[in-house]
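Please find below a colleague's note on the model under discussion.

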Amino acid sequence: MKNLLVLQSDFGLSDGAVAAMEGVALSVDHQLRIYNLTHDIPPFDTYEASYRLLQAVPFWPEGSVFVSVVDPGVGSKRRSCAVKTKTGQYIVSPDNGTLSHIARTIGIESIREIPKTERRTGTLSSQTFHGRDIYAYVGAQLAAGTKAFEELGPEYSPDEIVLLEIPEAEYDGTMITGTIETLDVRFGSLWTNITAELFQKLNVNYGNLIDISVYHGERKVHRSFVTYAGTFADVEIGESLVYVNSMNHMAVAINQGSFADAYHIGTRGSWKITMKPAGPGR
Amino acid sequence: MKNLLVLQSDFGLSDGAVAAMEGVALSVDHQLRIYNLTHDIPPFDTYEASYRLLQAVPFWPEGSVFVSVVDPGVGSKRRSCAVKTKTGQYIVSPDNGTLSHIARTIGIESIREIPKTERRTGTLSSQTFHGRDIYAYVGAQLAAGTKAFEELGPEYSPDEIVLLEIPEAEYDGTMITGTIETLDVRFGSLWTNITAELFQKLNVNYGNLIDISVYHGERKVHRSFVTYAGTFADVEIGESLVYVNSMNHMAVAINQGSFADAYHIGTRGSWKITMKPAGPGR
Amino acid sequence: MKNLLVLQSDFGLSDGAVAAMEGVALSVDHQLRIYNLTHDIPPFDTYEASYRLLQAVPFWPEGSVFVSVVDPGVGSKRRSCAVKTKTGQYIVSPDNGTLSHIARTIGIESIREIPKTERRTGTLSSQTFHGRDIYAYVGAQLAAGTKAFEELGPEYSPDEIVLLEIPEAEYDGTMITGTIETLDVRFGSLWTNITAELFQKLNVNYGNLIDISVYHGERKVHRSFVTYAGTFADVEIGESLVYVNSMNHMAVAINQGSFADAYHIGTRGSWKITMKPAGPGR
């Protein structure tokens with residue numbers, strides 16, 4: 001028993017909501033050690049919640065318990081669930097797409113539905129704050145070991161998990177086409193869905209120029225020739241680079257600048273990026 | 001002894017102030033487990049500090065120690081105090097209104113004045129950073145058990161606590177008039193001072209329309225007919241609702257939208273809200 | 001062994017980067033207790049990183065381990081290092097100026113170069129996220145005691161540490177000239193590099209007026225006559241004051257207002273401030 005509980009939400013940290021969740025969890029077992037993944041998920045953005053779980057969960061010890069509450073459908077028929085990942089961490093969350101990246105990349109070993117009866121008792125029980133009254137409470141029991149995963153509710157098939165559409169990048173023999181999944185928020189680097197493995201098909205080496213185009217819908221909004229580099233220091237300050245990011249995907253950045261700000265580039269939905277080796281004509 | 005210490009302030013988390021407080025506390029006892037309520041209280045806003053304590057304190061185990069430092073009068077004659085709540089938590093704070101909501105809603109069992117001699121020794125002792133030099137130090141001793149509550153200084157009467165004016169909502173036989181105490185910050189829902197109990201006097205059921213008006217001073221700035229719902233999923237996305245929030249008060253929201261942003265509505269002071277059942281004329 | 005690990009970076013808390021670092025550290029030893037100094041250092045601002053360490057480190061118990069990752073030169077030849085301060089804390093960081101204030105004010109007892117082989121093994125090892133793959137991992141081992149400071153790599157001379165230029169304030173017999181090192185971020189107070197000790201040379205007492213000028217480059221952008229006060233409550237609300245801040249340097253503030261905002265004053269580089277006693281002519 002590791003006693004590690006990690007919280008994620010779209011609640012922000014400007015009011016007492018997260019602290020109320022922590023208090024509920026520590027009332028289950030005051031020895032729990034609670035950490036925060038992030039509480040800055042944009043409101044209701046289950047895709048971002050899903051992505052950020054993938055960014056952190058695999059680095060935590062087996063037995064760690066994550067609670068993620070980004071829940072546009074609070075009070076709806078969406079299920080509450082607890083999952084065990086194939087790498088041994090647990091996640092308690094609404095089954096509303098939040099588990100998509102983990103399910104696809106790491107894999108879900110087992111999933112159980114949390115019954116509606118599983119909630120804290122006591123004053124101020126609420127129909128609208130399931131983060132405090134259900135998810136923190138259930139996650140705390142799991143982290144504390146006062147309830148085993150198997151006791152949490154009936155198992156259902158991982159095939160039934162609600163999955164968001166996560167587009168896959170494609171190589172057509174000449175060029176890779178992918179999407180911009182998210183930004184390295186503080187630095188404005190584009191984090192694409194192009195894996196380092198797929199990028200290898202371009203058969204380029206460090207120092208080669210990559211011909212990059214960015215599209216918003218059908219409209220091309222940016223094109224440049226960018227150095228493929230191992231790390232930021234391999235290019236000049238203010239120079240752009242393509243590199244393998246910390247999640248083993250291709251990213252595009254300006255060394256000590258913001259690529260997203262510089263070229264007004266957004267993420268997901270209608271945004272597309274292509275990469276190919278720069279031709280000899282340049 | 002629970003060893004739980006919870007910090008709140010208006011210092012933000014962008015500099016080293018909160019970490020300095022944590023270091024002081026852990027120097028008293030490095031086994032303390034320190035959590036943050038919020039450090040985003042608007043500068044000097046003791047009302048908000050008071051409200052956020054109420055949002056979190058009741059959910060924490062007995063014996064938890066809160067330190068709240070929102071202190072427009074640092075260096076003035078306002079007393080420093082430690083209180084024990086009727087639910088068994090402790091709060092260390094300037095006695096400047098920060099305890100208003102807790103005193104009114106939960107109740108203060110006992111309050112003691114922290115003498116000016118009670119402060120950390122050592123370098124960099126300061127006249128302006130009582131959060132680090134007094135409150136974190138005293139709170140840590142209480143949480144660590146190196147000083148009992150009774151040893152903290154002379155007791156005084158809970159009747160002497162500095163209280164901010166917290167307006168009460170009123171029902172005139174037809175309509176409830178209340179104020180907007182705060183926002184559910186990230187989501188823009190209006191959190192009123194109208195209790196769920198008072199709202200019952202309107203004798204309405206889930207699904208009924210409520211006739212809502214919002215006033216800024218004397219001027220009416222908003223009117224709408226809003227569904228009284230148990231939870232967000234009971235209305236459409238983009239539809240407004242009146243509901244019982246997680247503190248058992250009435251709130252007004254747009255499902256997956258921001259009511260405060262949509263209608264430019266603020267909080268406290270000159271803001272007023274009325275609720276009555278929508279008449280048959282609509 | 002205290003098991004205390006404190007993280008600082010310019011990563012922000014809006015994504016999963018810091019949580020990934022915490023997971024790596026807790027995978028070394030899940031008993032570690034991890035705190036955050038701040039993750040809001042402006043991107044690549046090693047001066048600010050250096051300053052914020054000084055604001056927090058001295059207040060932590062001996063044996064505490066700080067990890068600071070503000071690293072404009074990730075992948076460059078800058079060394080990774082671990083230092084032991086003269087007050088007994090450890091700091092793991094790129095040797096890129098981040099240690100400047102600690103080195104000058106507290107002093108470095110010993111510094112060791114972390115060899116490039118010292119990094120976590122396992123999936124997703126990255127050339128661009130040394131915070132997760134090197135610094136959190138090394139800091140955790142130090143905090144956990146699984147590796148002694150002496151085992152971390154070869155020692156080098158504290159004289160070789162990369163130091164940023166930290167200007168010293170000067171007294172010319174009439175007037176003190178200094179710089180504005182940083183702001184008390186949330187409150188807009190100017191924190192100068194003028195020590196309380198140097199200020200004593202002006203031979204003034206509480207209540208005396210100080211003649212202050214602020215320059216941006218050669219241009220004077222502000223002048224005022226400001227009360228030298230022990231603490232904020234010694235002046236009226238909205239009145240300016242000069243006072244000794246929590247780091248024993250002179251600061252300039254407006255009581256419950258923002259001096260920096262009111263007069264559009266910035267920090268460092270080309271900003272200069274002078275202080276002298278107000279003459280009898282006023």
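1. The structure is a predicted model. Chain A is superposed on chain C by a rotation of 120° with 0.0 Å of shift along the axis, at an RMSD of 0.0 Å. The two copies are thus related as by a three-fold rotation axis. Within chain A, Arg33(A) has the C-alpha nearest this axis, at 4.7 Å from it.

2. Contact of chain B with chain A. Here 27 residues of chain B meet 28 residues of chain A. On the side of chain B that touches chain A, strand E1 (4–9) and helix H2 (46–56) of chain B each supply at least two residues. H2(B) gives the largest share of that side, 3 residues. By class, the side of chain B that touches chain A comprises 14 nonpolar, 8 polar and 5 charged residues.

3. Contact of chain A with chain C. This contact draws 27 residues from chain A and 28 residues from chain C. Strand E1 (4–9) and helix H2 (46–56) of chain A are the elements that give two or more residues to the side of chain A that touches chain C. The largest share of this side, 3 residues, belongs to H2(A). Its residues fall into 14 nonpolar, 8 polar and 5 charged.

4. Helix H4 of chain B covers residues 130–144, 15 residues in total. At 1.5 Å a residue the helix should span 21 Å, and its end C-alpha atoms are 19 Å apart, which agrees.

5. Is H4(B) largely enclosed or largely open? Of its 15 residues, 14 are buried, so H4(B) is largely enclosed by the rest of the structure. A residue counts as buried here if 20 or more other C-beta atoms lie within 10 Å of its own. After H4(B) comes Gly145(B), which has a positive phi, near 80°.

6. Domains of chain A. The domain assignment divides chain A into domain 1 (4–160) and domain 2 (170–277). The C-alpha centres of these two domains of chain A lie 33 Å apart. How many residues of each domain take part in the contact between them? In chain A, 4 residues of domain 1 are in contact with 4 residues of domain 2. The side of domain 1 of chain A that touches domain 2 of chain A has 2 nonpolar residues, 1 polar and 1 charged.

Notes. Residues numbered from 1 in each chain as written. Chains lettered and ligands numbered in written order. Predicted model: local features only at pLDDT ≥ 70, side-chain atom pairs only at ≥ 80, totals over all residues. Least-squares fit on C-alpha atoms with pLDDT ≥ 70 in both. Contact = placed C-beta atoms within 7 Å. Helix = DSSP H or I, 4+ residues; strand = E, 2+ residues; numbered from the N terminus. Nonpolar A, V, L, I, M, F, W, Y, C, P; charged D, E, K, R; others polar. Expected span 1.5 Å × (residues − 1). Buried ≥ 20, exposed ≤ 12 C-beta atoms within 10 Å, placed from the backbone. Domains from an automatic or database assignment.
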